[in-house]
Amino acid sequence: MESVDHTFSSSPYFNDRGLNGTAQPIIERIHPHSRPIVSYYFPKGVGAHHYGANITAYLRMKERHPMKPARLTLTNELVFGYGLHNQIHNIYDVRPATREELSVYHDADYLDFLSRVTPANQSEMRSLIEKFNCGEDCPIFADMYDFSRMYAGASLAGARKLCAGTTDIAINWSGGLHHAKRGEPSGFCYVNDIVLAILELLRYHPRVLYIDIDIHHGDGVELAFYQSDRYTGDFFPGTGKLDDNGYGAGKNFALNVPLLDGIDDDMYLTIFKTIIEDTVASFRPSAIVLQCGADSLGSDRLGAFNLSIAAHGECVNFVRAFNVPLLVVGGGGYTLRNVCRCWTYETSVLVGVSIPNELPRTVYDSFFADSQWKLHPPLSGRVENQNTPASLQRITISIRNKLRYLQGAPSVAMQEIPPDIQGFLKDEERSQEEIQEEISTASAGEQRMDTSIARNEYFDGDKDVDHDSSPPTPPPTRVSRGSARRGRGRGGRGRARGRGRVSSASVVDEDDDNDDGSPPPPRKSSRGRGRGRGAKTRVAVPELKRTPDPATEAESDTPGASHDI
């Protein structure tokens, strides 16, 4: 009897597409400095995690959790399948965030809980699970803490690159978990990587604008900065009320745009572009964080909008056009095949290349067979549009009225510098690169060179590019009579700082000035514009050869005029 060993599945490795075309990958590599520098962050293994089985409160039936990190693996496959990695300047597998980095925002007892709880011991930690609000939306699953550290570390790495000036656009599709609070998880989110990244950006950038196009309100980010005027948030759309504007110093710096179900591409793009353009003009951000939750797409499992992938990507393209340092993160999105399509298309938008509507061949071809392997399947028209032009106009007018209270970009001269969240690796082994990373806002081995050199400033050391020895300091010389600097302007006011001292000038004694017995002329008091009052010193100015002026002769009968400095 003949035996046959089957080592592979009997199903074909790639589906037969028939007459449907296949996208060919881009093979041309990006030329340095030809476009804005784009960095792509994909922590190895982040897509292999699973939230586990759960009975969700909103579906009320047994099924897998709607949050699927596997969407990150599919997105990465499509990005590489299109050859977009050849158009990206840098691709990073970054280290996970450390406990010290997470503790800059999150409470210590909450981080202790995340690091200790597992599916095996959750029955023993039932009281803590209830205390920290873990349950149906935020279940306990294997390697939960490691998963949170992965996506948070990628967002922090992108923020550090932006602060260092070594990238213009940083992409982390694994991040964007905007619901997590300081001391508890919320809405599938355990660690708020956006808050940590914004705190990192605020260490260098004076003003950060956060834009959220997830269908759900980014309440965790808003709560973290509700009293800050160095951060402005736009939430498109959300559960946040239109009147939730911030508190204290952050009054009017939180802008919520609540939209009704069923909004279509035209309405959404119109209000998005109008409000974002006005906000950027008023707030003048020096960095932008864009959360690209894909649950605002049509046909999403938990969404109720009619947006197409092209319209979602146009929002990203509109923000990119401001040419401001940009951190792009993922977020929601619960129809797996649409999420990875959307984020792949938006990756192409951010790198500035066009890709065809046909999908490339990948090992996940079967996921896209129902749409004939297209990048832009029809997604709109599933939900009735409850928005009207009048309702959108009311929202626009309300937002514009709030922007009037900003009165230009806020001052940051006396603001508290956010704490260092790059490491605090006191109890861990640190490499030389990590030590360098802790010193500056750059990542390891990089530093920002914003040098301002005065005309009288010399370098002698590693930064002396010409390696010339510094010029010798000339010995002090005695200035001849009349060479002292006189202050310009009326009343003898000097423009130089200091105490009005005249160096190496010939000082005339008052007794010598009155040898002819004539009364001394009245002296005018004057002072410099510098700090403190200068000592009054009379300096003799020699007679100049000029045509006699009768008016001048009448004022003074001495050979030279005396001035008080």
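## Overall make-up

Of the 565 residues in the protein, 45% are buried. The model is a predicted one. Its secondary structure consists of 14 helices and twelve strands. Among contacts in the protein with a separation of 6 or more, 76% are between residues 24 or more positions apart. The accessible surface comes to about 30,000 Å², and carbon and sulfur atoms hold 49% of that surface.

Two packed helices are described by the angle between their axes and the distance between the axes.

| Helix pair | Angle between axes | Distance between axes |
|---|---|---|
| α8 and α9 | roughly 15° | within 10 Å |
| α8 and α11 | about 5° | 10 Å |
| α9 and α10 | about 35° | 9 Å |

Helix α8 covers residues 265-283 and helix α11 covers residues 389-404. With an angle of about 5° between them, α8 is roughly parallel to α11, because angles under 35 degrees count as such. On the α8 side, the contact is formed by Met-267, Ile-271, Thr-274, Ile-275, Asp-278, Thr-279 and Ser-282. These meet Pro-389, Leu-392, Ile-395, Thr-396, Ile-399, Arg-400 and Leu-403 of α11. Sorted by class, the contact of α8 with α11 contains eight nonpolar, four polar and two charged residues.

Helix α8 also packs with α9, where the axes cross at roughly 15°. The two helices are therefore roughly parallel to each other, and their crossing is right-handed. From α8, the contact takes in Asp-265, Tyr-268, Leu-269, Phe-272, Lys-273, Ile-276 and Glu-277. From α9, the residues are Ala-311, Glu-314, Cys-315, Phe-318 and Val-319. The contact of α8 with α9 has eight nonpolar and four charged residues, and no polar ones.

Helix α9 spans residues 309-320, and its partner α10 spans residues 336-351. The crossing of α9 past α10 is right-handed. In α9, the residues that meet α10 are Ile-309, Ala-310, His-312, Gly-313, Val-316, Asn-317 and Arg-320. Their counterparts in α10 are Asn-338, Arg-341, Cys-342, Tyr-345, Glu-346, Val-349 and Leu-350. This contact of α9 with α10 divides into seven nonpolar, four polar and three charged residues.

## Two residues in detail

Where does Gly-313 lie? Gly-313 is part of helix α9. It counts as buried because its relative accessibility is 1%, and the cut-off for burial is under 20%. Apart from residues up to four places away in sequence, Gly-313 touches Tyr-345, Glu-346 and Val-349. Gly-313 and Tyr-345 are 32 residues apart along the chain, and their C-alpha atoms are separated by 6.9 Å.

Ile-30 lies in the segment before β1, the strand at 38-41. Is Ile-30 buried or exposed? With a relative accessible area of 13%, Ile-30 is buried. Setting aside neighbours within four places in sequence, Ile-30 is in contact with Arg-35, Asn-86, Gln-87, Ile-88 and His-89.

How values were computed:
Residues are numbered from 1 along each chain as its sequence is written. This is a predicted model: local features need pLDDT of at least 70, side-chain atom pairs count only at pLDDT 80 or more; totals for chains, interfaces and linings use all residues. Side-chain values use heavy atoms; hydrogens and water are left out. Helices (H or I, at least four residues) and strands (E, at least two) are DSSP runs, numbered from the N terminus. Buried means under 20% relative accessible area, exposed over 50%, partly exposed in between (1.4 Å probe, protein chains only). Contact means heavy atoms within 4.5 Å. Accessible areas come from the Shrake-Rupley method with a 1.4 Å probe; for residues, only the protein chains shown count as cover. Axes are lines fitted to C-alpha atoms, for helices over the stretch in contact, and angles run from 0 to 180 degrees between N-to-C directions. A crossing is left-handed if the near helix is turned anticlockwise from the far one by less than a right angle, and right-handed if clockwise. Ala, Val, Leu, Ile, Met, Phe, Trp, Tyr, Cys and Pro count as nonpolar, Asp, Glu, Lys and Arg as charged, and the others, Gly among them, as polar. Angles under 35 degrees count as roughly parallel, over 145 as roughly antiparallel, 65 to 115 as roughly perpendicular and the rest as oblique.
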